[in-house]
Amino acid sequence: MSKVLMVINSTESGPRRAGEWLREAGIETVDVVAETTPLPENLDGFDGLVMLGGGLLPYEDENAPWLATERELARQAIDADLPTLGICLGGQLLAHVGGGEVRGEYGTPESGAVLITTTAAGRNDPVLGVLGEGAHMIENHVDQITQLPADAVLLGRSADVENQAFRIGKRVWGLQFHPEVNAERIAQWDESALGKKGFDREKLVAKARAVDGENTRASKALIDAFAEQVTQYAKGQR
């Protein structure tokens, strides 16, 4: 069975349905809550890496000392072209480690079900290509990848955020949005915090529920496509 290291940067940003879908696809997931459990020093024995969100910046070591180790794992994954999926903070880590730029409290905040449109490269990508012209994805951030690594390929954007999805090499993907999160999760978001950013939580929930079917189909297809990359890599390594 193929094996993926799943780095959980916050218990509030767990694998959720993405973990279930990976396991359904025949992938063994090794879930590590970085705040309480030391991360491995290398990726030996793993056929893939998934790094999740966490409400942090990728260089915020004073609040999350494990990020130094996670950045090293991201470097190793990029160097080895190991199948990797970075989500939110995970995607920002890949951009940062690869030589791009991530800025906190920058740009227009996006929340709710946001339309992600694919670029020409995205439509031809083995993972993002499953979205076709695009799909609504759950999004909630105030931090932003403002510059991609020089060798990265832009795969998807939204109306207010240019760098929503990218690829480094052949098998390393970074996402700003959350395929692991569904509409019901928005109902649990902090209402007062959203209000301070000018968002109405109930309106966000209603909008997300209206596209829940589309979102679930697209999200599962994306995770399944990544699982296929892991499986192919594992077969090639053995």
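How many positive and negative side chains does the protein chain have, and how far apart do the centres of the two sets lie? I counted 23 positive and 36 negative side chains, with the two centres 4 Å apart. For that count, Lys and Arg are positive and Asp and Glu negative, while His and the chain ends are not counted. I placed each charge at NZ of Lys, CZ of Arg, CG of Asp or CD of Glu.

**Ground rules**

I am working with a predicted model, where local features need pLDDT of at least 70, side-chain atom pairs count only at pLDDT 80 or more, and totals for chains, interfaces and linings use all residues. Residues are numbered from 1 along each chain as its sequence is written, and side-chain values use heavy atoms, with hydrogens and water left out.

**Overall build**

I looked up the secondary structure and found eight helices and 11 strands; these are DSSP runs numbered from the N terminus, helices (H or I) having at least four residues and strands (E) at least two. The radius of gyration of the protein chain is 16 Å, close to the 18 Å from the globule rule for 238 residues, so the chain is as compact as a globular protein of that length. That radius is taken over C-alpha atoms, and the rule is 2.2 Å times the number of residues to the power 0.38. Along the principal axes, the C-alpha atoms fill a box of roughly 50 × 40 × 30 Å.

Next I checked burial: 55% of the 238 residues count as buried (under 20% relative accessible area, with exposed over 50% and partly exposed in between, using a 1.4 Å probe and protein chains only). The accessible surface comes to about 10100 Å², and carbon and sulfur atoms own 45% of it; I have this from the Shrake-Rupley method with a 1.4 Å probe, and for residues only the protein chains shown count as cover. Contacts (heavy atoms within 4.5 Å) came next. Among those between residues at least 6 apart in sequence, 74% join residues at least 24 apart.

I found H3 (residues 89-97) mostly covered, with eight of its nine residues buried. Among them are Leu89, Gln92 and Val97. Gly99 follows H3 and has a positive phi, near 105°.

In H7 (residues 201-210), the buried residues are Arg201, Leu204, Val205 and Ala208. Seen down the axis, they fall within an arc of 100°, so they line one face of the helix; the arc is that of the directions from the helix axis to the C-beta atoms. An α-helix has 3.6 residues a turn, so residues three or four places apart point the same way. On the other side of H7, I noted Lys203 and Ala210 as exposed.

**Single residues**

Is Gln144 buried or exposed? Gln144 is buried, at 8% relative accessible area, and sits in strand E8 (residues 144-147). Beyond four places in sequence, its contacts include Gln92, Arg103, Tyr106 and Asp160.

Pro83 lies in the loop between helix H2 (67-80) and strand E4 (84-87). I read a relative accessible area of 0% for Pro83, which is buried. Pro83 and Asn42 are 41 residues apart in sequence and 14 Å apart in space, C-alpha to C-alpha.

Lastly, I looked at positive phi in residues other than glycine. Arg16, in helix H1 (residues 16-24), has phi near 45° and is partly exposed at 28%. Cys88, in the loop between E4 and H3, has phi near 55° and counts as buried at 12% relative accessibility.
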